[in-house]
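I opened this model to look up a few local features. My notes follow in the order I took them.

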Amino acid sequence: MAFTKINHYEKEYADIHHDTALNVAEGVEDQPVVNPHFKKRKKRELTIDEYVKGITEGNITILSQAITLIESNNPTHYAKAQEIIEKCLPYAGKSVRLGITGVPGAGKSTFIEAIGDMVTSLRHKLAVLAIDPSSERSGGSILGDKTRMESICHNPDVFIRPSPSAGSLGGVARKTRETIVLCEAAGFDVIFIETVGVGQSETAVHSMVDMFMLLQISGAGDELQGIKRGIMEMADQMVITKCDGENVHKAELARTQFQGALRLFPVPESGWKPKVYTCSSYTKEGLEYVWKGVEDYLEHIQRNGYFTLNRNRQNKYWMYESINETLRNSFYHDPAIEEQIETYEQKVLNDQISSFVAAKELLHLYFKDAAIKMKSEL
């Protein structure tokens with residue numbers, strides 16, 4: 001606009017002073033940045049059958065889109081995802097599910113990258129589901145596991161999917177379990193689940209895998225320190241990483257100490273005595289023994305029937321977990337509760353009512369509202 005005004009004034013000046021040698025050419029108006037004739041075409045949504053067909057045919061793009069539906073908080077997306085999962089169930093259940101955890105700095109991503117190369121060389125298809133911790137302040141996640149696994153991220157037989165924990169381990173665990181079903185239907189026969197690190201998430205991941213592997217580093221403490229760590233009770237196999245260079249002697253010493261600590265634990269229900277291995281993700285030394293240990297364990301639990309028993313127990317556990325989560329979400333999204341919960345919260349803060357009475361009254365309000373809705377639907 002300013003450019004046009006300047007041209008107008010200079011033109012008037014030139015008309016008044018004919019004898020001037022100044023000739024000002026008219027400017028060109030700014031062109032639009034975006035083509036005004038461009039129309040954005042809305043992408044056609046796939047049907048349930050198209051999703052199922054694409055997943056069972058091993059289409060990674062459609063598999064990723066289906067997982068996005070699972071992770072979405074949109075109720076419509078959630079309902080659609082459940083239909084997809086239900087239709088994929090007949091094709092699922094034919095994989096080995098392996099949970100991998102370890103102390104920060106143990107090299108979980110590097111270990112997965114190294115052993116993933118070996119697993120695919122044995123003609124397996126590998127899916128890596130990484131649970132990435134979310135920031136408590138911003139709520140964001142880096143989701144950078146795929147970029148850290150450079151050698152396998154371009155492998156057509158490997159699928160890597162990081163998921164944010166989003167502050168809810170139970171929620172992300174449910175979504176991870178549902179993702180496992182889709183990955184199995186897509187033909188992935190080995191599934192790694194990498195946890196956020198030692199903590200509460202291990203319990204959730206332990207309830208959805210066939211084998212739980214704990215990565216340790218040398219110098220983490222003596223065998224007494226190992227006994228104190230409750231995480232060791234869940235481990236079916238322990239691996240001392242970074243066994244290379246000058247660290248070989250320390251890693252072997254740590255292996256001996258942890259193996260001694262494991263002997264003090266009672267034999268688990270599977271009947272398998274956990275073993276400790278050493279390996280180097282850098283030199284690839286010892287990885288074949290680690291994977292041989294995985295195969296031996298799986299063969300053992302399939303032979304004695306614990307494999308089926310454990311899977312059935314997990315299915316039962318997740319049925320109840322799904323009920324609990326659905327009820328919790330229904331409670332907090334109920335209009336009557338949303339209207340009153342802040343009032344009751346303020347009463348608790350002002351010591352006008354106890355937290356237990358407040359909870360009881362809110363639950364009474366919720367069930368009363370639910371009963372009214374049910375009667376209106378009948």
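In which strand does I160 lie? I found I160 in β3, residues 158-164. Strands (DSSP E runs of at least two residues) and helices (H or I runs of at least four) are numbered from the N terminus. I160 counts as buried because its relative accessibility is 4%. Buried is under 20% relative accessible area, exposed over 50% and partly exposed in between, with a 1.4 Å probe and protein chains only. I also checked I160 against I191, 31 residues along the chain: their C-alpha atoms are 9.9 Å apart.

A note on the source: this is a predicted model, where local features need pLDDT of at least 70 and side-chain atom pairs pLDDT 80 or more, while totals for chains, interfaces and linings use all residues. Residues are numbered from 1 along each chain as its sequence is written, and side-chain values use heavy atoms, without hydrogens and water.

Next, aromatic pairs. I searched the whole structure and got seven. Rings of Phe, Tyr and Trp (its six-membered ring) pair if their centres lie within 6.5 Å; planes under 30 degrees apart are stacked, over 60 edge-to-face, the rest tilted. W272 and Y297 make an edge-to-face pair, 5.6 Å between centres and 80 degrees between planes. W272 is in the loop between α11 and β7 (275-278) and Y297 is in α12, so this pair ties together parts 25 residues apart in sequence. W272 is buried at 12% relative accessibility, and Y297 is buried at 1%.

F331 and Y366 are also edge-to-face, at 5.4 Å and 65 degrees. F331 belongs to α13 and Y366 to α15 (residues 355-377), so the pair ties together parts 35 residues apart in sequence. F331 is buried at 12%; Y366 is buried at 9%. I noted one aromatic cluster of F331, Y332, Y366 and F367.

I then followed Y297 back to its helix. Helix α12 (residues 287-303) has 17 residues and spans 24 Å from first to last C-alpha, close to the 24 Å expected. The expected span is 1.5 Å times one less than the number of residues. Its buried residues include L287, W291, Y297 and I301. After α12 comes G305, with a positive phi near 85 degrees.

Last, charges over rings (NZ of Lys or CZ of Arg within 6 Å of the ring centre and within 35 degrees of the ring normal). K125 lies over the face of F188, 4.7 Å from the ring centre. The charged end of K347 sits over the ring of Y344, at 5.2 Å from its centre.
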